[in-house]
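Here are a few notes from going through the model. Have the viewer open while you read.

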Amino acid sequence: MTVINKDTAVLKNYINGEWVAAISTETLDVPNPATGEVLANVPISTKEDVDQAVSAANEAFKTWKNVPVPKRARILYKYHYLLTENHEKLAKLVVQENGKAYKEAYGEVQRGIECVEFAAGTPTLMMGETLSNIAENIDSEMFRYPLGVIGGITPFNFPMMVPLWMFPLAIACGNTFVLKPSERTPMLASELVELFSQAGAPKGVLNIVHGAHDVVNGLLDHEDVKAISFVGSQPVAKYVYERAAAKGKRVQALSGAKNHHIVMPDADIDKAVSHVISSAYGSAGQRCMACSAVVVVGDNDKFVKVLKQKADELIIGSGLDDEVLLTPIIRDSHRVKVLNYIKTGLEEGASLIRDGRKEMDEIQEGTFLGSTIFDYVTPEMTIAKDEIFAPVLSLLRANDLDEGLEFIRKSRYGNGATIYTKDAKAVRQFREEADAGMLGINVGVPATMAFFPFSGWKDSFYGDLHVNGKDGVNFFTRKKMITSRFDY
Ligand code: NAD
């Protein structure tokens with residue numbers, strides 16, 4: 001295993017099978033958000049570091065693309081074994097650098113391992129299609145080929161799962177990869193690459209370049225990078241999509257979210273509250289599938305009362321404490337933005353029924369904020385429209401399901417939405433009309449698993465092919481058609 005918390009070491013890039021120091025000497029601290037303790041320093045690499053990594057990946061591609069597909073898949077089986085063996089260790093590292101609760105981090109590691117399971121099926125997934133006799137004595141065949149070097153750019157909130165959405169499948173399909181992890185949670189990537197090399201990945205197949213904007217731009221502009229897989233906030237996703245597409249690259253850019261949960265009058269209140277609480281406040285609301293807006297249908301003050309009661313009871317603290325659900329916000333700079341949203345909510349006339357700033361003032365260490373609830377939010381308010389990405393929940397009141405669905409339609413985002421009800425007719429109407437790509441029926445976090453595409457809509461996604469599932473295979477391969485005549 002690589003360096004963790006050793007005299008706040010400067011992390012290294014991984015290029016052509018070697019740990020190498022970045023050319024630039026500029027670094028950023030990587031603090032534990034629960035304590036402020038600096039765990040490591042991350043180098044802010046430059047375009048020159050990117051060029052070295054892309055050149056290594058391009059060279060490795062020449063041989064890797066010809067390695068038989070089942071042989072490539074066998075490395076994934078070994079990788080799966082190593083990740084499973086290190087499950088707890090990886091989860092603890094996620095808690096350290098991201099701050100989320102251990103149980104959630106453990107689940108994140110599991111979600112990542114499932115991506116490797118899926119990618120190990122590449123010999124089947126990469127199969128082409130054939131049709132004999134498409135015309136007299138003529139057959140058609142389709143084969144899939146890798147693209148070349150792929151660039152992956154990932155966010156802070158899932159340092160394990162999101163990189164594993166990308167590189168195992170890309171590499172199993174015969175591509176080589178350069179990963180730019182989030183500079184706020186960069187340590188786990190070192191573990192992932194170390195274990196991948198132990199699994200038998202040849203040098204240059206997976207490379208890491210740490211850093212920020214310059215590394216991203218270096219990947220977007222490099223002519224040898226054939227596709228970009230990005231996950232992060234909306235403005236950056238749009239920027240990445242436009243800049244990479246202008247360079248002729250294939251792009252999938254997963255973006256921000258504002259996920260609505262509709263609570264119907266017949267919903268089981270205790271169960272609905274329990275799902276909303278863990279969806280809205282787990283990982284301090286820093287999940288792209290977090291519930292950030294609840295649409296309360298009908299005059300359901302009882303739901304609001306129980307929700308507030310449960311929010312009052314939440315234990316705040318370190319993710320290593322089993323009792324804790326509400327963990328820290330990633331950085332103080334982000335918390336400052338969140339506090340401005342709370343001010344704006346008040347100025348725009350929403351009713352603050354639970355103010356998490358109280359707990360923030362009580363806890364001196366780390367970057368915490370207590371659970372916060374605004375009631376009587378309207379779709380026009382800033383707090384209803386923007387992704388806040390924090391433990392701040394908006395309650396919107398609707399007369400009926402039609403009005404609730406209209407609120408979802410009005411949102412620029414369309415990652416996920418959930419309904420709580422026992423009414424089959426309402427479920428069907430919700431399934432047909434909710435304007436979002438991942439729906440939950442009595443499910444608090446309807447995030448899809450590796451076998452299906454992660455399917456955000458509207459401004460929650462830029463591109464055509466989503467990550468994971470068959471979309472992932474299509475994204476990481478290009479097709480070649482052969483038409484053969486046999487009466488020659
Ligand atoms: P972010 O956009 O700040 O950073 C994501 C990546 O982009 C990082 O690697 C970062 O270094 C890079 N980056 C940031 N600003 C840049 C710039 N100006 N130019 C070039 N590169 C830049 O996102 P984050 O705060 O790390 O992650 C949280 C966001 O990600 C939320 O909006 C969340 O909804 C979203 N997210 C979406 C999904 C999804 O599936 N749709 C999944 C996870 C996270």
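Is C288 buried or exposed, and how many other C-beta atoms lie within 10 Å?

1. C288 first. Bear in mind that this is a predicted model. C288 is buried: it has 26 other C-beta atoms within 10 Å, and the cut-off for calling a residue buried is 20 or more. You'll find C288 in the loop between α10 and β13. The unreviewed UniProt entry lists C288 under "active site", and that annotation may be inferred rather than shown by experiment.

2. Contacts of C288. If you leave aside neighbours within four places in sequence, C288 is in contact with A257 and N415.

3. Helix α10 covers residues 269-281, 13 residues in total. From first C-alpha to last, α10 reaches 18 Å, close to the 18 Å expected at 1.5 Å a residue. Its buried residues are A272, V273, H275, V276, I277, S279, A280 and Y281. Among the elements covering them are the strands β12 (259-263), β13 (291-297), β16 (392-398) and β18 (416-420), along with helix α11 (301-313). A residue on α11. V306 is found in helix α11. Not counting residues up to four places away in sequence, V306 touches I269, D270 and V273. V273 is also one of the buried residues of α10.

4. Over to α2. This helix takes in residues 69-85, and its 17 residues should span 24 Å at 1.5 Å a residue. The end C-alpha atoms of α2 are 25 Å apart, which agrees. R72, I75, L76, Y79 and L83 are its buried residues. Where do they sit around the helix axis? Seen down the axis of α2, the buried residues fall within an arc of 100°, so they line one face of the helix.

5. Both sides of α2. The face turned away from the buried side carries the exposed residues P70, K71 and E85. As for the buried residues of α2, what covers them includes α3 (87-98), α4 (102-119), α5 (122-125), α6 (161-172) and α7 (187-198).

Notes: Residues are numbered from 1 along each chain as its sequence is written. This is a predicted model: local features need pLDDT of at least 70, side-chain atom pairs count only at pLDDT 80 or more; totals for chains, interfaces and linings use all residues. Helices (H or I, at least four residues) and strands (E, at least two) are DSSP runs, numbered from the N terminus. The expected span of a helix is 1.5 Å times one less than its number of residues. A residue is buried if 20 or more other C-beta atoms lie within 10 Å of its own, exposed if 12 or fewer, and partly exposed in between; C-beta atoms are placed from the backbone. Two residues are in contact if their C-beta atoms, placed from the backbone, lie within 7 Å. The arc is that of the directions from the helix axis to the C-beta atoms.
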